[in-house]
Amino acid sequence: MNQTMTRIKKSSNSAPTKPVLLVVDDDPVFRALIKTFASGNFDVFENSGPSTVDVTTLIAADIVVLDLNMPDKDGIEFLQTIATLSPRPKLLIASGYDPRIIEMAKRTAELYGMTSTTSLKKPFDRNSFSVAVTDLFNSEKSDEAVVSSQAGMKASADDITSGMLAGEFVAYYQPQIDIQTNKIIGIEALARWNHPQFGILAPATFIGTIELSKSASEFTIVMMQSAMKDYKKLAKNTKFDGTLSVNVPADVFAEQDFANRLLESIQLFDFPPNRLICEITERGMENLGAETIATLTRLKMHGIQLSVDDFGTGQSGLSKIKTRIFDEIKIDRMFIKDISTSASSGLIVESVLKLAVQTGLRVVAEGIEDEETLAALRQLGCPVAQGYLIARPMPVSSLNKWINEWQLTNAGR
Amino acid sequence: MLTNPDDIFNKYALPETLGEFDDDLLISFYEIFIEHTSASWQKAEIAAARAKWCDVSALAHTIKSSARSIGAFALSDIMSEIEQICEDGTSAVDKIELAGELLARTNDAIREQMKLMKMLSSNERSKE
């Protein structure tokens, strides 16, 4: 297994140190300004461009303040390097570009998994910088890529095959609730690797390799079977009768044998097909071939529901989704997370909801992390919610307990 | 070229940006600005002479923001114009000369202010 960069954790018995703020900006005036603004609360390190950044400093950084326009390597290119860190530092994009470009850069960072990202238009003064940095530093947004402190690694195809043979891949589950009634209406199965050496690893460490390998279809079937088995236990213990969502890589749908194997699994576990939802990402849908459409149609004919995951990150549009027999769209977290503060995100979600209702699609809002966001979605009439505010992904044993507690707490609401 | 002296260099802008009025700190910022901007502008003039207008745009972009922070508003405005004109490779040859003159006037005004601050500071010290 190739270990990539892992941040050095400050040990609890070491001398107290300030958090580290790294400035990457070719403009010495701004580097000096940021140093003046931040040195009271941070150990500030400065670099005139990505190529001069010392890896040790980058790994130790709690916050990276990144300019976008730099001569040797621009800020967007550097985001790819930051994305390999685990855990990733929080990011402040500070640029003199047009706000639309800054917003695009921020969204790019979020797509790379840097969920704790904010931006500041240059020039800025001490007050606006301090507010931005303080809010960023205090934010506790989730980093989906990080489950354990050893997650900064990329697995090889051989590692994954060994892990599959050893039964090390397990499903974690995140509940979905009806926003109006608080009733649990579904669970999403999310793959985790219970690695003998590194503990529970998040998908970022292995999904990319799996999707490019020949074992993607086998992996998906193994996960589906495991989830169906867990579902049966859960239904017995908690009376849960909602849906089970499972992610399926777009290329797997193109494999001729996949539909047969899935239908065999349903029979094997005596699983009600209409409670199974296969999720395909919107980006994965962009170039659907005849084989994929044939598989989707077959699954639909057998009563399996189809969902478009990460809606808003691709180019599909609702009209195409409707003609492609989908039942559900899951609005990507990047639109949801700032819905209560960003007028544009609010407008986008509102428009999607209106159109979805007209076309008969169910809408799930992903990535809900605070009460304000949930309240805003409730106000907009969004039917289903999923996110850390409700529950983090958890193993089936914890889910069992969680469902019982949730049902007790929310009974009669 | 007629430009309001306050737009050439507004001495209140940097203390406002910094939230501090310490003369030594302000002087250090002015020195960094003059050194960096002069070097960047020299590169921009070379790029302009070679008709590398996209490079000129990127350099003007850098100067634009720091000029505004320091209080060099007219310089920031012309850099913004140059950035926009040149971003798709269009020539801004007529603006280059103008910007060069403006930069020289800005630097002179900042040096004048630094001289004044140093003088006042030395008077203060001699009183102590």
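Read along the sequence, chain B of this predicted model follows the pattern α-α-α-α-α-α, and its secondary structure comes to 6 helices and 0 strands. Of the 128 residues in chain B, 47% are buried. The mean pLDDT of this chain is 91, with 97% of its residues reaching 70 or more, while for the complex the predictor gives an ipTM of 0.90 and a pTM of 0.54.

On the surface of chain B, a nonpolar patch is formed by Leu116(B), Met119(B) and Leu120(B), which together have about 280 Å² of accessible area. Met119(B) belongs to helix α6 of chain B, which covers residues 93-127.

Over all chains, the structure holds 14 aromatic pairs, and one of them joins Phe169(A) and Phe206(A) in an edge-to-face arrangement, with 5.2 Å from centre to centre and 70° between the planes. Phe169(A) lies in strand β8 (residues 169-178) of chain A, whereas Phe206(A) lies in the loop between β10 (199-201) and α7 (207-212) of chain A, so the pair ties together parts that are 37 residues apart in sequence. Phe169(A) is buried, with a relative accessible area of 8%, and Phe206(A), at 0% relative accessibility, counts as buried too.

Another pair in chain A is made by Phe253(A) and Phe258(A), whose ring centres are 5.8 Å apart; their planes stand at 85°, so this pair is edge-to-face. Both Phe253(A) and Phe258(A) are buried. The geometry of these two pairs is set out below.

| Aromatic pair | Centre to centre | Angle between planes |
|---|---|---|
| Phe169(A) and Phe206(A) | 5.2 Å | 70° |
| Phe253(A) and Phe258(A) | 5.8 Å | 85° |

Chain A also contains an aromatic cluster formed by Phe30(A), Phe37(A), Phe124(A) and Phe129(A).

Note on methods:
Residues numbered from 1 in each chain as written. Chains lettered and ligands numbered in written order. Predicted model: local features only at pLDDT ≥ 70, side-chain atom pairs only at ≥ 80, totals over all residues. Heavy atoms only, no water. Patch = residues over 30% accessible without salt bridge, like charges linked within 9 Å, V, L, I, M, F, W, Y side chains within 5 Å. Areas by Shrake-Rupley, 256 points an atom, 1.4 Å probe, with all protein chains shown as cover. Salt bridge = Lys/Arg side-chain N within 4 Å of Asp/Glu carboxyl O. Helix = DSSP H or I, 4+ residues; strand = E, 2+ residues; numbered from the N terminus. Phe/Tyr/Trp six-rings, centres within 6.5 Å; stacked < 30°, edge-to-face > 60°. Buried < 20%, exposed > 50% of the residue type's maximum accessible area, 1.4 Å probe, protein only. pLDDT = per-residue confidence, 0-100.
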